[in-house]
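Here's a quick walk through this structure, one region at a time. Keep the 3D view open and follow along.

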Amino acid sequence: MASYGMNDVKNGMKILVNNEPAVITETDYVKPGKGQAFTRVRYRLIKSGRVQEVTMKSTDSVDAADVVDTDMNYMYSDGEYWHFMDPETFEQVQAGKAGMNGAEKWLKGEESCVVTLWNGEPIDVTPPNFVELKIVQTDPGVRGDTSGGGGKPATLETGAVVRVPLFVNQDEIIKVDTRSGEYSARVK
């Protein structure tokens, strides 16, 4: 198993912490005027989502996590699991609620997602950055409502609730940014 020293750690690297995979979110190299240099590493545990911080001296090292990021297509949900398929090998995996990490509210079918596998098990699903979904319930738009000022909640076909401008009506298709959960544009 590979290991990274103080000078090798970078943002986005996946490491093992207490035999659990984590992703490095922030690194800060500190060279005090007196004493030994060190690196402050902030990481997020992939399974639980907890954020922690560790200080590394020049002699310390961390183990690399044996995780694989794979592009997979979302197929369907059976209520308990979400099923994904590798488009090249047609291999299928199923992710539970813990592995989805909130991505289920953006998926309706056939989307291409990045699935992080650890020991063959999906532990994290990243949906596409933008999805197009239909509004199934929202208050009607009134003539004169403009894009400036205010907004209203809209329920999408997947069950997600997003804040939309006042002029957007029911049964319209909108583009949503899945990273922030915000309305992006109407789809014509």
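Let's start with one side chain. A polar atom of the Thr138 side chain sits 3.0 Å from the backbone oxygen of Pro153. Keep in mind that this is a predicted model, and that the distance comes from its coordinates.

Where does Thr138 sit in the fold? It belongs to strand β12, which covers residues 130-138. Is Thr138 buried or exposed? Its relative accessibility is 5%, so Thr138 counts as buried, the cut-off being under 20%. Leaving aside residues up to four places away in sequence, Thr138 touches Lys152, Pro153 and Ala154, along with Val168, Asn169 and Gln170.

**The five-stranded sheet**

Next, find the open sheet whose five strands run in the order β9-β8-β7-β10-β11, with antiparallel pairing. Its edges are β9 (92-95) and β11 (121-126), each of which pairs on one side only. On average, neighbouring strands here are turned by 45° against each other, ignoring direction.

| Strand pair | Bridges | Example residues |
|---|---|---|
| β7 (residues 67-77) and β10 | seven bridges | Asp69 opposite Thr116 |
| β10 (residues 112-118) and β11 | five bridges | Val115 with Val125 |
| β7 and β8 (residues 82-85) | four bridges | Tyr76 opposite His83 |

β7 and β8 are also worth a look as a hairpin: four residues lie between the two strands. In that turn, Gly79 has a positive phi of about 100°.

Which residues make it? Tyr74 and Phe84 do, in a tilted arrangement, with 5.6 Å from centre to centre and 55° between the planes. Because Tyr74 lies in strand β7 and Phe84 in strand β8, the pair ties together parts that are 10 residues apart in sequence. Both Tyr74 and Phe84 are buried.

**Around β2 and β3**

Strand β2 (residues 14-17) runs antiparallel to β3, and four bridges join them. Val17 has Glu20 in β3 as its bridge partner. These strands form a hairpin with two residues between them, where Asn18 takes a positive phi near 55°.

β2 has another partner too: it pairs in the antiparallel sense with strand β6 (residues 61-64), over two bridges. There, Ile15 stands opposite Ala64.

**An annotated lysine**

One last stop is Lys34, in the loop between β3 (20-30) and β4 (38-45). An unreviewed UniProt entry places a feature at Lys34, "modified residue: N6-(3,6-diaminohexanoyl)-5-hydroxylysine". Such annotations may be inferred rather than shown by experiment. How accessible is Lys34 in the model? Its relative accessible area is 77%, so Lys34 counts as exposed, for which the cut-off is over 50%.

Methods:
Residues are numbered from 1 along each chain as its sequence is written. This is a predicted model: local features need pLDDT of at least 70, side-chain atom pairs count only at pLDDT 80 or more; totals for chains, interfaces and linings use all residues. Side-chain values use heavy atoms; hydrogens and water are left out. Buried means under 20% relative accessible area, exposed over 50%, partly exposed in between (1.4 Å probe, protein chains only). A polar contact is a pair of N or O atoms within 3.5 Å; within protein, one must be able to donate a hydrogen and the other to accept it, and residues adjacent in sequence count only if both atoms are side-chain atoms. Contact means heavy atoms within 4.5 Å. Two strands pair if DSSP finds at least two bridges between them. Axes are lines fitted to C-alpha atoms, for helices over the stretch in contact, and angles run from 0 to 180 degrees between N-to-C directions. Rings of Phe, Tyr and Trp (its six-membered ring) pair if their centres lie within 6.5 Å; planes under 30 degrees apart count as stacked, over 60 as edge-to-face and the rest as tilted.
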